[in-house]
Structure formats: structure tokens, C-alpha cells
Amino acid sequence: LSSTDLVERLLAGDRRALGRLITLVDDGTQEGKEAIVKLFPKTGHAQIIGITGSPGVGKSSLINAIVKCLRAKKKTVGIVAVDPSSPFSGGALLGDRIRMQDHFTDEGVFIRSIASRGSLGGLSRSVNNVVRLLDAFGSDVIIVETVGAGQVEVEIVKVAQTIIVVMSPGYGDVIQMLKAGIIEIGDIFVINKSDLEGAYRTFEGLMSVLELNQKKEGWNPPIIQTVAVANKGITELVDTIELHRDYIQKASILTSREGKRIENELIQLVNERVYEKITKGDIGEGENLNTIVSKVLSKQLDPYSAAQRILSALGKAKHYP
Ligand SMILES: Nc1nc2c(ncn2[C@@H]2O[C@H](COP(=O)(O)OP(=O)(O)OP(=O)(O)O)[C@@H](O)[C@H]2O)c(=O)[nH]1
Ligand SMILES: [Mg+2]
């Protein structure tokens, strides 16, 4: 099937076409890029939620419970579980299948796991585009799960409009998360496993850190206590997600965040495109990197003029997409 056929089918609600396109996009193929080009105008309707936190805090269990709540409201859901740590997400996938098993046969829910492939910058782009596919497919809500361990995960979860940071007693302390930059991206905090010993201490620790933190964009990030496996606190969490969504929409934070994200994406794409063009093959006007390097070596050109020549030659050449 061509990417055009797959796009048509995706728009008609074909889940297999969606699955196939996710693979094409995730593999960084030309067909995948073409599909994003075609589907981009159909995106922008979904509500995108990011869930992050240390391994094992109960992110997948929470998603399972949140999805139950959203399905009761007749919302369709797309879930992307990202595992940046391992190139083979077998373990995570299996775990997700068990944790989110309530929804694996539900036509209104689409679940997909993605593992790290090559560059980490590539991973966050991949997630961004997978979210676009789910959005164009018509998912009302898209949830991105990623383990919060550092900068990469922070970048990934920034695709979301509302970022939920999950903690639970005994799993990674607050100071550690503060250092990793996870705390400052949270719009909503969840203390999961509130049934366990030490939950209140975790709550207090988080409270004291949040009090020191600047209020973010006029929004005071609330802390919700949950027991995902017993469906406790989930309604409150879902209501709070709604509240945050309304808030960022009214305060036009949504558009400015989105703009910032697109800005980053464009800079990254242009960077890569230029890098690829100048390192592989002709630059244009009969020049390639070697010929220009030679001219600098022999003092025919200085480095600044050489860089300018490369940019002008690139500007005149046709490259698409
Ligand atoms: N006691 C208790 N256990 C929970 C709760 N939520 C999840 N668990 C258990 O915690 C374990 C990890 O849950 P997951 O939902 O897989 O956690 P996760 O954060 O998605 O884990 P990774 O994706 O591996 O990082 C499982 O054994 C769950 O049953 C809770 O509220 N209370
Ligand atoms: Mg998980």
C-alpha cells in the first residue's frame, strides 16, 4: 500500500493503517514523512496529556484508570508508551499489556509502545509525529507515557498540553526529580500508591519543594493523591486535567506552548537538513563540501565566506521534502 492509500484508510478509521503508518513514521521513512505532510492539516483536535515519573510508580496503572473514566464519557483515546532506556521495549510492552489490559480489546482505545531508535532527538520527533497520526485518526485524548529520568524524557513529554508528574512512596526522591528538571515541567502532580506506607511523607516532601517553586504561568500545580489499582482519586485527577486544559486555553498558554514547540521542531529540522545536504553529496552550483574545504585550505576562501557560499548554494537548490 502506498502512503496515500494508508492516509486515506487512516482517515476512514482503519486501525491497521494507523498501526502501519506509526511504524513508517517511527522508522523515519520517506513514506512516513509524506504521510505527516498530508495529515498535518487534519491535526490539532486532540487533547494531549503527558505522564511521566520514575520506573514503577504506577504510570501505566494510572493510565488504565484514567482511560476507564474517559471511556465512560465516550471519549476515544490514543496511548503512546515511550521507553527511551531500552532499544527493545519487550519488557515495557508486556508490562503495558498487563497494566492496560482492560482496554486492549476496546475499539475506542489505541495503544502503542515505542522504544528508543538511534538518536534521542529522533525519538522525541518520532513521538511528536506519532501523536499527530493519532490526532488525525480522530482520538479525542492522547496520552503519552514516558519514564522521567532526565532531559530526553523531559523533551518527549513536552509534546503534551498537560503534563502529569507521578510519584509514589519510596520511588526516587523529590530532590532527585528536581535535579532532573522533572518537577518544573509538572502541571499536575500525582502521589500514587497512596495506600502504601510513607505516602504522606512523599506528599509533604513534594509540597515543600512546590512551595519554593515559582507559580507556573499563573497556575498553581495541584497534588492529587491516588490509588490507581483501586480507582481512588481518579475522578479528581480527570477533573483536574480538565481544569488545567480550560486554564491554558483561556490564558492562551496553549498557543504559545505549541508555538514554542513548533519553533524547536523547525530549528531541528532545518539543522538536520542542512547537515545532511552539506555532508552528503552536492551542495549546488557544482560545489560540494570537499571542493569548498580545498578552497579554504589553499586560502582562496576564508571560513566565513565559505560558510556564506554554502548557505547561498543551498538556498538555490531544490530539496523536497
Ligand atoms: N499498592 C499499589 N500498587 C500499585 C498502585 N498503582 C500501581 N501499582 C503497582 O505498581 C507496579 C508498577 O505499576 P505500573 O503501572 O506498571 O508502573 P509504571 O510507572 O507504568 O512502570 P514502568 O512503565 O515500568 O516505569 C505494578 O505492580 C502495579 O500493580 C497503587 O496505587 N497502589
Ligand atoms: Mg508503564
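**Before you go on**

This is a predicted model, in which local features need pLDDT of at least 70, side-chain atom pairs count only at pLDDT 80 or more, and totals for chains, interfaces and linings use all residues. Residues are numbered from 1 along each chain as its sequence is written, chains are lettered from A and ligands numbered from 1 in the order in which they are written, and side-chain values use heavy atoms, with hydrogens and water left out.

Show the whole protein chain. It has 13 helices and 9 strands; helices (H or I, at least four residues) and strands (E, at least two) are DSSP runs, numbered from the N terminus. Of its 321 residues, 47% are buried. Buried means under 20% relative accessible area, exposed over 50%, and partly exposed in between, with a 1.4 Å probe and protein chains only. Contact means heavy atoms within 4.5 Å. Among contacts between residues at least 6 apart in sequence, 76% join residues at least 24 apart.

**Stop 1**

Select residues 15-26, which form helix 2. The expected span of a helix is 1.5 Å times one less than its number of residues. For the 12 residues of helix 2 that gives 16 Å, and the end C-alpha atoms are 16 Å apart, so the two agree. Its buried residues include Ala17, Leu21 and Val25.

Now select aspartate 14 and arginine 16. Aspartate 14 caps the N-terminal end of helix 2, with a side-chain oxygen 2.8 Å from the backbone nitrogen of arginine 16. A polar contact is a pair of N or O atoms within 3.5 Å; within protein, one must be able to donate a hydrogen and the other to accept it, and residues adjacent in sequence count only if both atoms are side-chain atoms.

Move on to helix 3, residues 30-39, and colour its buried residues: Gly32, Ala35, Ile36 and Leu39. They lie on the same side of helix 3, because they cover an arc of only 100° around the axis. The arc is that of the directions from the helix axis to the C-beta atoms.

**Stop 2: the magnesium ion**

Select ligand 2, a magnesium ion. Ser60 (OG) and Glu145 (OE) coordinate the ion at 2.1 to 2.2 Å. Serine 60 is in helix 4 (residues 59-72) and glutamate 145 in strand 4 (residues 141-147), so the pair ties together parts that are 85 residues apart in sequence. Donors are N, O and S atoms within 2.8 Å of the metal (3.2 Å for Na, K and Ca); water is not among the atoms, so sites may look incomplete. Are serine 60 and glutamate 145 buried or exposed? Both are buried.

**Stop 3: the cores**

A nonpolar core is a set of buried Ala, Val, Leu, Ile, Met, Phe, Trp, Tyr and Cys residues joined through side-chain atoms within 4.5 Å. The largest one has 47 residues, of which Leu21, Val80, Leu133, Val144, Ile183 and Leu206 touch the most other members. Helix 6 (residues 120-137) gives the most to this core, with 7 residues. Apart from it lies another core of 27 residues, among them Val57, Ile79, Ile111 and Ile164.

Select valine 80. Leaving aside neighbours within four places in sequence, its contacts include Ile114, Val130, Ile142 and Glu145.

**Stop 4**

Aspartate 135 lies in helix 6. At 6% relative accessibility, aspartate 135 counts as buried.

Isoleucine 48 is in strand 1 (residues 47-53). With 7% relative accessibility, isoleucine 48 is also buried. Beyond neighbours within four places in sequence, isoleucine 48 is in contact with residues including Val131, Ile142 and Val159.

**Stop 5: two loops**

Most residues other than glycine have a negative phi. Lysine 74, in the loop between helix 4 and strand 2 (77-83), has a positive phi of about 65°. At 69% relative accessibility, lysine 74 counts as exposed.

Lysine 193 has a positive phi too, near 60°, and lies in the loop between strand 6 and helix 9. Asparagine 192 is in the loop between strand 6 (188-191) and helix 9 (199-212). Asparagine 192 is buried, with a relative accessible area of 3%.

**Last stop: helix 11**

Select residues 253-279: the 27 residues of helix 11 should span 39 Å, and the end C-alpha atoms are 39 Å apart, which agrees. Among its buried residues are Arg257, Arg261 and Glu265. Glycine 281 follows helix 11, with a positive phi near 80°.
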